[in-house]
Amino acid sequence: MNKKSLRLFSAEVAMGVGSLFFVIPCLLLVLAAFKPDSEIVKFQGILPKQWTIANFQEVLGNPEEIPLLRWLLNSVLISISTATLVLTVSSLAAWSMARLRLPGKPIVYGTVLATLMVPGQILLVPIYLLLNTLGWLDTPLALIVPAAGGAFGVFMLHQFFLGIPKDLEEAAALDGCSRMSTFINVIVPLSRAPMATLFIFTFVGSWNDFLGPLVFLDSLERYTLPVGIALFQTSYYTEYGLTLAASLLCTLPTFIAFMIFQRQIISGMAASGMKE
Amino acid sequence: MKPRASGWIFAAPYLTLFMAFVIGPLLFGFALSLFRWELLSNVKPTFVGFENYTEAFRDPYVHQALGATLRFVWMAVPTTIILALVIATGLNAVAGKRQGFWRAAIYVPHLLTVSVAGILWRWFYNKEFGILNALLRPIGIEIPWLSDVAWAMPAIVLMTLWWTLGGPSVVLLSGLQNIPVSYLEAASLDGATPTQRYFRIILPLLRPVLLFVTVMHVIGGFQVFGQVYMITRGGPELSTRSLVQYIYETAFNNYRMGYAAALSWILFAVIAIFTLVQFRLMREERS
């Protein structure tokens, strides 16, 4: 074995050993969901001695008290609506700021950029009172609409739009395209990659949001998965089997989506970190 | 291009939402922090000036929450950056196709939403039947992970490392891959050892990405909430209660909106100071 392949081999072994730290806890979650409670509350080895699907049956068979599918549906609807709304309003605004005549643009864009530094929690209390006045508390609107005011999407797409050659838009305008149809037929097709990244980012952020739903929602059947599961832990405190089975079920959709969109998610993450 | 309808029409939907849900609440939140404003009580909101802020500076719970938050940041952020750098370097050394596999393996914990990750680790940390103590017991160790002040914060940090390391590792990996191979080849020709290449060429070129990742993690670290809420609820003896959790409890358990708004602005100020200091340090180092 020469020096280079030895180095390659040792790197691979190191990664293999290191990744156990990340993978094993996930495997334990999967295995524990198939264990009877007696094996969970008394450690008897990593593999279940007696495989059972009773936990899943109980979690899914009691939609009155544990509306798991309802929470899943809420999460899906809220995340899709949030990502769609953010993508729509941010891309239109970013394009008009990058390209169109916008008197006072530097001040407007500067203000938008400055708010990137504001941590979300600082807005929690005032937004809660605002939503209370609007009567939106305990509705999906409370989570969807305020998210669309965020600056990240505008910032990201603005940077990208600046890099698109102007000739294309000018040609479209000469052909008599309206602004809107130029945007839809010229800009959108050219911007698929950053738009997909923004959509996925917003979707994931909304899917995993914990503080928002915890504060803004309070009826059982309106919860999203993260808050539903958290509540579950509080009320089924001692029934680890149920809690873990529910946890596994609510991770499955994310896991499947990750398998499909892995490249976009990871390259989007990487790209977002490369911009200074 | 002949001038047509102003761009404002396209920007209007976003800017309306931006004013209503960012600028408005920001200003309203600051105004709120100058009032005694208690929801669910008969007392009308009254203007109190900076009284909420002076109360916060004297409030022992604020000191405790700030201390816990700082301890979290101090324990979690440097380890995250160093380990992510090690992982990224390791991933970068693995040949092409296999790299994607290991990268995905490291990223998997981040697919768990915070409540699931919290439940899972709460179970691992259980003193009687958690797997960690089950593995340690044969060698005569039993750690009261979540009930001992000395162990609770390290336990939160360990779980956080497991949960979040994938992100910065991926970012740093792509930073490493953006370094032109020609630089490294030139250094080898000049007789640089691998260690010299790593510390003299790779790390300096990686610095902008490292700064970005560090700043983002410091900002994120000051906002820690979900995993603490799920694993310890701030205990034992409030030793892991973070500023965000204290703000949450002040606003939504005690309904003291004005005081919570003031605490939010204090958190913002702390984050802003730390961010500025980091940028300043980096700039001084450069010049």
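The crossing between H1(A) and H4(B) is left-handed.

Which residues make this contact? On the H1(A) side we have A:Glu12, A:Met15, A:Ser19, A:Phe22 and A:Val23. Facing them from H4(B) are B:Arg98, B:Trp102, B:Ala105 and B:Ile106. Sorted by class, the contact of H1(A) with H4(B) has six nonpolar residues, one polar and two charged.

Before going on, please keep in mind that this is a predicted model. Its scores are ipTM 0.88 and pTM 0.90. For chain B, the mean pLDDT is 90, with 97% of the residues at 70 or more.

Now let's step back to the whole interface. In total, 74 residues of chain A are in contact with 77 residues of chain B. Several helices of chain A give two or more residues to the side that touches chain B, among them helix H1 (3-33), helix H4 (68-99), helix H9 (166-174) and helix H14 (240-274). Which of them gives the largest share? That is H1(A), the helix we began with, and its share is 15 residues. The chain A side that touches chain B divides into 52 nonpolar, 15 polar and seven charged residues.

On to the chains themselves, beginning with chain A. How many helices and strands does chain A have? The count is 14 helices and zero strands. For 276 residues, a compact globule would have a radius of gyration near 19 Å, whereas chain A has 24 Å. Taken along the principal axes, the C-alpha atoms of chain A fill a box of roughly 75 × 70 × 35 Å.

Chain B has 13 helices and two strands. Its radius of gyration is 24 Å, well over the 19 Å that the globule rule gives for 287 residues, so chain B is more spread out than a compact globule. The C-alpha trace of chain B spans about 80 × 75 × 35 Å along its principal axes.

Let me show you one packing inside chain B too. Helix H3 (residues 60-93) and helix H7 (residues 149-164) of chain B pack at an angle of about 40°, their axes 10 Å apart. H3(B) and H7(B) are therefore oblique to each other, and their crossing is right-handed. The residues of H3(B) that take part include B:Phe72, B:Met75 and B:Leu83, and those of H7(B) include B:Met153, B:Ile156 and B:Leu161. By class, the contact of H3(B) with H7(B) has ten nonpolar, four polar and one charged residues.

Finally, two backbone details to look up when you have the structure open. Where is the cis peptide bond in chain B? The bond joins B:Gly235 and B:Pro236, with omega about -10°. B:Pro236 lies in the loop between helix H11 (226-231) and helix H12 (243-252) of chain B. In chain A, look at A:Asp138: its phi is near 65°, a positive value in a residue other than glycine. You will find A:Asp138 in the loop between H6 and helix H7 (141-144) of chain A.

Note on methods. Residues are numbered from 1 along each chain as its sequence is written. Chains are lettered from A and ligands numbered from 1 in the order in which they are written. This is a predicted model: local features need pLDDT of at least 70, side-chain atom pairs count only at pLDDT 80 or more; totals for chains, interfaces and linings use all residues. Axes are lines fitted to C-alpha atoms, for helices over the stretch in contact, and angles run from 0 to 180 degrees between N-to-C directions. Helices (H or I, at least four residues) and strands (E, at least two) are DSSP runs, numbered from the N terminus. Angles under 35 degrees count as roughly parallel, over 145 as roughly antiparallel, 65 to 115 as roughly perpendicular and the rest as oblique. A crossing is left-handed if the near helix is turned anticlockwise from the far one by less than a right angle, and right-handed if clockwise. Two residues are in contact if their C-beta atoms, placed from the backbone, lie within 7 Å. Ala, Val, Leu, Ile, Met, Phe, Trp, Tyr, Cys and Pro count as nonpolar, Asp, Glu, Lys and Arg as charged, and the others, Gly among them, as polar. pLDDT is the predictor's confidence in each residue, from 0 to 100. The radius of gyration is taken over C-alpha atoms; the globule rule is 2.2 Å times the number of residues to the power 0.38.
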